[in-house]
Amino acid sequence: MTAVRKTYAHIDIAKFILAFFVVAIHVRPFDNWENPTVDALFYSAAAVAVPYFFIASGFLCFARDEENPWKTGGQRARRQAKAVLELYLIWTLIYLPIIAFGSMQDGLSVSEAVIRFAQGTIFVGENIWAWPLWYLLALAVALAVVSLFARFAATPRGLAVFATAMLAAGAGLNILNHAETLPVAIAPLVDGYFDLFYTTRNGLFEGLFYVVCGVILGLNQHVVGQLKAPVIALIAAIPYLGCVMITPRPRRLSAQYLPSAFSL
């Protein structure tokens with residue numbers, strides 16, 4: 001059976017609208033209003049923006065009418081992961097002069113700047129004055145994991161369980177990271193993770209969960225179209241799980257971009 005390629009104009013319209021919300025998240029236009037109600041309402045609505053882009057990516061890889069959308073969708077996810085990774089590397093190079101200037105502004109030596117750049121690029125997806133790039137690395141990692149499951153697992157059920165477990169694990173790591181004290185046995189593991197990855201807002205703990213939500217919706221696209229409004233509203237609330245369970249900045253780290261363990 002030949003795959004039928006569909007167009008989803010409503011998804012593109014939503015992307016266009018939510019792109020402004022993503023910009024607003026970084027610009028923070030209501031911070032000077034001193035109105036906590038407006039601030040809370042806006043950022044509650046904006047919280048769905050980035051998760052939506054993850055979900056849409058997973059959906060579009062698997063929402064096809066074909067004989068085995070699970071396997072062929074996995075192949076598309078692998079190709080998309082490669083394309084997104086290439087895009088991430090290109091944008092990192094574009095940002096490189098800005099990153100270098102930011103490193104100079106922070107008074108870093110050449111060796112410190114190189115180490116921070118390597119760690120930020122490989123493990124975090126962020127660098128000095130280049131924080132938005134985390135999304136591209138997280139999406140590439142999440143799509144790569146999805147493609148591996150599609151290749152070796154017979155059904156997407158295991159992927160859904162794994163993604164949910166990783167979201168819970170990320171939340172657990174954050175709880176431990178915010179604890180005043182930790183047992184001696186696990187403190188080095190928790191601190192070591194955050195020293196290297198800095199946050200759980202990445203393609204394994206948060207991005208993967210969102211992408212897999214899109215995968216499940218794509219594989220069940222015909223059923224989704226028949227759902228009632230309350231169920232759709234419940235599905236729409238899913239993106240808030242990551243926002244609630246995953247925090248972008250761990251408290252135990254210093255205000256500097258990278259922990260002291262990587263300073264020279």
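Predicted model: local features only at pLDDT ≥ 70, side-chain atom pairs only at ≥ 80, totals over all residues.
## Starting inside: Ala 163

Is Ala 163 buried or exposed? Ala 163 has a relative accessible area of 0%, so it counts as buried.

Which residues does Ala 163 touch, once you skip those up to four places away in sequence? They are Leu 208, Phe 209 and Val 212. There's also a C-alpha distance to look at here: Ala 163 and Cys 213 are 50 residues apart along the chain, yet their C-alpha atoms are separated by 9.0 Å.

## The whole chain

Now zoom out. The protein chain has 12 helices and zero strands.

The chain has 264 residues, and 41% of them count as buried. Its accessible surface is about 14400 Å², with 70% of that belonging to carbon and sulfur atoms. What about contacts between residues at least 6 apart in sequence? Of these, 78% join residues at least 24 apart.

## Two helix pairs

Take helix H6 (residues 134–152) and helix H7 (residues 157–178) first: they pack at an angle of about 145°, and their axes are 9 Å apart. The crossing of H6 past H7 is right-handed. On the H6 side you'll find Val 145, Val 146 and Phe 149, which meet Gly 158, Leu 159 and Phe 162 in H7.

The other pair is helix H4 (residues 69–105) with helix H5 (residues 110–124), packed at about 145° with axes 12 Å apart. H4 passes H5 in a right-handed crossing too. H4 brings Tyr 88, Thr 92, Leu 96, Ile 99 and Ser 103 to the contact, while H5 brings Ala 113, Phe 117, Gly 120 and Thr 121.

## One salt bridge

Side chains of opposite charge can pair when their charged atoms come close. How many salt bridges are counted here? The count is one. The partners are Arg 201 and Glu 126, whose closest N and O atoms are 2.4 Å apart. Arg 201 sits in the loop between helix H8 (187–197) and helix H9 (207–219), and Glu 126 in the loop between H5 and H6, so this pair ties together parts that are 75 residues apart in sequence.

Arg 201 is at 17%, so it counts as buried. Glu 126 is buried as well, at 1%.

## Two loop residues with positive phi

Look next at Trp 129, in the loop between H5 and H6. Its phi is near 65°, a positive value in a residue other than glycine. Trp 129 is partly exposed, with a relative accessible area of 36%.

Tyr 198 is found in the loop between H8 and H9. Tyr 198 isn't a glycine either, but its phi is positive, at about 70°. Is Tyr 198 buried or exposed? Its relative accessibility is 6%, so Tyr 198 counts as buried.

## A nonpolar patch outside

To finish, head for the surface. Ile 13, Phe 16, Ile 17 and Phe 20 form a nonpolar patch there, and together they have about 450 Å² of accessible area. One of these residues, Phe 20, has its place in helix H1 (residues 9–27). Phe 20 has a relative accessible area of 54%, and because exposed means over 50%, it counts as exposed.

Note on methods: Residues numbered from 1 in each chain as written. Heavy atoms only, no water. Patch = residues over 30% accessible without salt bridge, like charges linked within 9 Å, V, L, I, M, F, W, Y side chains within 5 Å. Areas by Shrake-Rupley, 256 points an atom, 1.4 Å probe, with all protein chains shown as cover. Salt bridge = Lys/Arg side-chain N within 4 Å of Asp/Glu carboxyl O. Helix = DSSP H or I, 4+ residues; strand = E, 2+ residues; numbered from the N terminus. Buried < 20%, exposed > 50% of the residue type's maximum accessible area, 1.4 Å probe, protein only. Axes fitted to C-alpha atoms, helices over the stretch in contact; angles between N-to-C directions. Left-handed = near helix turned anticlockwise from the far one by under 90°. Contact = heavy atoms within 4.5 Å.
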